[in-house]
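Hi there,

Here is the structure I promised to pass on.

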Amino acid sequence: MRLSEAGVDLGAVTANARVITEAAAGAEVMAVVKADGFGHGAVEVAGAALAGGATRLGVTSVEEGLRLRAAGITAPVLSWLHAPFQRFDDALRAHIELSAVSAGHLRAIAEAAERTGTIAKVHLKVDTGLSRNGAPAAAWESLVATAGRLPGIEVRGIWSHLAGDEPEGVTTGEQIARFDEALRVAAKLGVRPRYRHLANSAAALDAPATHYDLVRAGIGLYGIEPVPGRRHGLRPAMTLTARLLLTKTVPAGTGVSYGHDHRTDRETLLGLVPLGYADGVPRPASGRAEVWVRGERRPVAGRIAMDQFMVDLGGLDATHGDEVVLFGPGDRGEPTAADWAAWAGTNPHEILTGVGPRVPRHHHREDP
């Protein structure tokens, strides 16, 4: 019996990939498996997503891409966050496609292509309004021209990233217009890539104008509904559980955990849960979060510590060894990752990727 476990339903990942593939309506789907598949296991999620219709994979770093290749995954992989002083030899030997946002990146990639005797497939990224990574509009024409001049480089894609989770909002419309202008500039210079991609999960599901040739599925792939207030039939893939290590009855007025922020208002049963913020249970959710025990939601009592927290079990007939569900799909009434995000003042992405390496993963498939 494990003290804690993150169960990952790969059947849910496959089903979510199918939902997104159908919504993409002819555009290909890139499954984003960065950050170890949002904490779910990049290799396992990649296989499940490809089985659901995704054709390509996306990662943040070359190292993440190389781990996929080492596991035997041969699908196209795009890596997009690099320094211009990196050596890209290993990436090119492994047929990993690379994003470039500056002339320095392109030169480093071209030098690696010469050393390895390969052709580098590059996706040029333009900033259309997120104001994060990506070439600014003023530098875009120069970047495209540089890519066209350098030997060993094939411009495989042009891409950008949306700023919001409201795919029909004004910001999205503005970004589409800027992206289209970037494509026109590239075409004027003779660069017409196979892949044009802008859409995130929200836009893939609800904004057909953003689809172009390829959509990138991130949080939606893991079953988190990306558009506030809308449901698309996605199913959360991860269920985080633990086992009660200890139960004890305490009188009214008992202070619980650090600082005694919480005091019991009656005689009650407390339970010890062996997970804490070192495992990704967010400390800011202290005093607000709930867990699922013996068919009921019960409140977290006191501050969440590094390795453990207490739950007020009230009058439940609970004892050590009983299962505690921190979050899951929500089918039984248990909290979800979205609930924990609300309690902690963050997004579900942080909750899922925060589940630490001390928590074993168990991959399985459930019938949809």
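Leu272 stands opposite Met310 in strand 17, and Leu272 itself has its place in strand 14. Helices (H or I, at least four residues) and strands (E, at least two) are DSSP runs, numbered from the N terminus. Please keep in mind that this is a predicted model, where local features need pLDDT of at least 70 and side-chain atom pairs count only at pLDDT 80 or more, while totals for chains, interfaces and linings use all residues. Numbering runs from 1 along each chain as its sequence is written, and side-chain values use heavy atoms, with hydrogens and water left out.

How many residues of strand 14 are buried? The count is 6 of the 6 (residues 268-273), so strand 14 is largely enclosed by the rest of the structure. Buried means under 20% relative accessible area, exposed over 50%, and partly exposed in between (1.4 Å probe, protein chains only). In a regular strand the side chains alternate between the two faces of the sheet. Here Thr268, Leu270 and Leu272 point one way, Leu269, Gly271 and Val273 the other way, and all are buried.

Leu272 has a relative accessible area of 14%. Leaving aside neighbours within four places in sequence, its contacts (heavy atoms within 4.5 Å) include Arg243, Leu244, Phe309 and Met310. Leu272 and Asp312 are 40 residues apart in sequence and 9.3 Å apart in space, C-alpha to C-alpha.

An unreviewed UniProt entry gives "binding site" for Arg132 and Met306; UniProt positions are in the numbering used here, feature names are shortened, and annotations may be inferred rather than shown by experiment. These residues are spread over 175 residues of sequence and up to 32.3 Å in space, between C-alpha atoms.

Arg132 sits in the loop between strand 6 (120-125) and helix 7 (137-149) and is exposed, at 57% relative accessible area. Not counting residues up to four places away in sequence, Arg132 touches Asp127 and His161. Met306 lies in the loop between strand 16 (296-301) and strand 17 and is partly exposed, at 42%. Beyond its neighbours within four places in sequence, Met306 is in contact with residues including Tyr277 and Arg358.

Best wishes

Terms used. Pairing = 2+ DSSP bridges.
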